[in-house]
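I opened this notebook to record what I looked up, chain by chain, before doing anything further with the coordinates.

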Amino acid sequence: MVKQKIVLRFPPNIVEQPIIYMMIKDFDLMVNILRADINPRKEGRLMMEVSGENADYQRAMAWLKEQGLIITNLEQQIIWREDRCTHCGACTVICPTGALHFERPSMNVQFDQDKCIVCELCLRACPARAMETPIDNALFR
Amino acid sequence: MKVNRSIEEINAKIKKGKAVVLTAEAVIDLVEQKGSIEAAASVDVVTTGTFGPMCSSGVFLNVGHSSPRIKLTEAYLNGVPAYAGIAAVDLYLGATALPAADPANRNYPGEFLYGGGHVIEDLVSGKEVRFEGFSYGTDCYPRRKVDTIIRLDEINEATLFNPRNAYQNYNVAVNRGEKTIYTYMGVLKPNLGNAYYSTAGQLSPLFNDPYLKTIGLGTRIFLGGGIGYVAWHGTQHNPSAARTDKGIPRDPAGTLALIGDLKQMNARWLRGLSFLGYGATLQVGLGIPIPILNEEIMQYCAVRDDDIIAPVTDYYKDYPNLEDGNLGYVSYAELKSGLINLEGGKIPTASLSSYAGAREIAITLKEWIESGRFLLTEPSTKLPSAEADIVLKSMPQRDPEKREDD
Ligand code: SF4
Ligand code: SF4
């Protein structure tokens with residue numbers, strides 16, 4: 001069994017294909033969509049948690065790449081630059097999942113990667129710009 | 001008073017490495033267990049700290065004379081304008097200054113990724129900064145344009161001078177409107193979706209000396225990771241604000257103007273910030289030592305988050321329109337718990353000022369004093385306090401065509 005959070009990026013020409021349907025039907029995977037958006041240039045982004053048999057998962061990923069989709073692991077997406085973080089806590093009421101949270105009573109801020117759904121709300125809400133994504137987010141803003 | 005101690009006596013102990021120093025956090029339990037007299041007898045200094053966004057910060061620079069000379073009328077550091085109307089090569093760079101090319105809020109909410117605060121952070125980090133200057137040219141200052149690179153260690157002076165820091169208490173910001181707003185108090189979600197506060201509470205300097213009985217002109221402090229001084233009372237100083245039974249102001253009250261040599265500070269405690277939809281500013285780390293002259297001062301230093309209350313203020317309508325009033329008061333203990341009760345509901349809270357940073361500053365200052373490298377100073381004069389009856393003024397609105405002094 002594998003369980004993986006991934007981000008699929010769709011070039012404009014395949015935004016309208018029933019990718020999810022195929023993943024479920026042809027590859028027997030369980031798909032839980034975390035977030036989806038299409039930017040004005042018609043490029044799409046889909047964040048999901050995928051689980052199933054390892055072999056099915058690998059076949060599905062290979063098939064998706066063939067279709068021209070770009071796949072990245074969600075965990076790699078949001079980086080908490082602890083060296084830039086001032087532990088102000090501004091992000092803790094913006095983060096919808098509690099991935100960024102205060103440790104009490106020390107009032108140190110912690111980032112729990114497992115809880116992050118890459119909604120990216122923290123990126124601009126952090127005054128010190130300590131939250132980063134290596135992917136070119138400009139495309140999606 | 002049962003305990004009486006002078007700053008001179010404290011300094012003599014610091015020099016011998018024998019001063020007893022506690023942070024404003026650590027001293028709370030001691031006073032609760034032993035009482036203020038016994039605690040005052042055993043503690044010489046209490047250290048405080050705060051590390052929050054502080055507009056009204058900036059730096060005076062003297063960039064040295066060029067050859068041929070120029071009398072600057074316009075100056076830019078990495079594109080951020082500095083005020084040049086002081087002298088030929090003296091400038092003041094403010095924390096909130098923005099490059100002319102910044103799109104500001106034209107693409108709302110603007111990101112304000114680089115402003116005066118960021119230039120100050122870059123300077124103090126030792127980074128190279130592009131310096132452009134312009135002038136009209138005179139016989140003695142013929143040059144009209146410079147375009148070069150400067151570094152902090154190569155310029156004559158860089159004096160951090162912050163006209164208003166260390167706010168004694170501050171609003172808790174909420175949004176009663178129907179849409180998200182972007183403020184200097186953070187991103188506020190509609191319908192009281194969240195609340196931001198911005199002081200270190202029990203660790204904050206002016207909560208520990210609420211009547212400015214020890215902090216005065218010339219008090220030596222921790223500023224931006226180096227040593228600074230209290231230069232004056234801060235702008236908008238309002239020590240006559242209403243107070244609780246324990247003497248703690250309930251509303252934004254006293255402020256301090258601070259000064260120090262930027263060259264011995266560090267970027268850990270001077271950080272450029274970008275407030276979405278609002279602008280750029282500087283996060284300033286500062287800490288003030290409080291000499292325990294007697295049990296009364298000790299009692300003030302025992303202030304705890306439960307004793308400190310702050311006004312919840314609507315930033316959708318009331319704050320922008322300078323309307324009086326607030327939605328009620330909440331304690332710092334509640335604010336720090338992560339939820340406050342307001343208008344029958346619970347609102348999630350977070351801070352903009354780093355409590356962890358404030359604690360680290362208080363501990364650092366304690367270590368400096370214990371090791372003998374930081375001596376306390378006797379203020380050369382007192383700052384105006386509650387008895388000064390200062391009334392905060394707002395801007396008069398008059399018809400510019402009808403001057404009364406004509
Ligand atoms: S808002 Fe940014 S600097 Fe503040 S605690 Fe969160 S990540 Fe750290
Ligand atoms: S991306 Fe979203 S979920 Fe992840 S830390 Fe930032 S605000 Fe939280």
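**Conventions.** I am working from a predicted model, in which local features need pLDDT of at least 70 and side-chain atom pairs count only at pLDDT 80 or more, while totals for chains, interfaces and linings use all residues. Residues are numbered from 1 along each chain as its sequence is written, and chains are lettered from A and ligands numbered from 1 in the order in which they are written.

**Chain A.** I looked up the elements, taking helices (H or I, at least four residues) and strands (E, at least two) as DSSP runs numbered from the N terminus, and found three helices and eight strands in chain A. Read from the N terminus, their order is β-α-β-β-α-β-β-β-β-α-β. Along the principal axes, the C-alpha atoms of chain A fill a box of roughly 50 × 35 × 20 Å. I then checked burial, where a residue is buried if 20 or more other C-beta atoms lie within 10 Å of its own, exposed if 12 or fewer, and partly exposed in between, with C-beta atoms placed from the backbone; of the 141 residues in chain A, 35% are buried. For contacts (C-beta atoms, placed from the backbone, within 7 Å), I noted that 64% of those in chain A with a separation of 6 or more join residues 24 or more positions apart.

**Ligand 1.** I find 13 residues around ligand 1, the closest being Cys85(A), Cys88(A), Ala90(A), Cys91(A) and Cys126(A); the criterion is a C-beta atom, placed from the backbone, within 6 Å. This shell holds 10 nonpolar residues, three polar and no charged, counting Ala, Val, Leu, Ile, Met, Phe, Trp, Tyr, Cys and Pro as nonpolar, Asp, Glu, Lys and Arg as charged, and the others, Gly among them, as polar.

**Contact between the chains.** Chain A brings 17 residues to the contact and chain B brings 24. On the side of chain B, the elements that give two or more residues are strand 3 (50–53), strand 13 (186–188), strand 19 (270–275), strand 25 (345–351) and helix 7 (355–370). That side divides into 11 nonpolar, 10 polar and three charged residues.

Is helix 3 of chain B enclosed or open? Nine of its nine residues are buried, so helix 3 of chain B is largely enclosed by the rest of the structure. Asn107(B) sits in the loop between strand 7 (90–94) and helix 3 (116–124) of chain B, and I record Asn107(B) as exposed because 9 other C-beta atoms lie within 10 Å. Its C-alpha atom is 9.0 Å from that of Gly277(B), 170 residues apart along the chain.

How values were computed: Contact = placed C-beta atoms within 7 Å.
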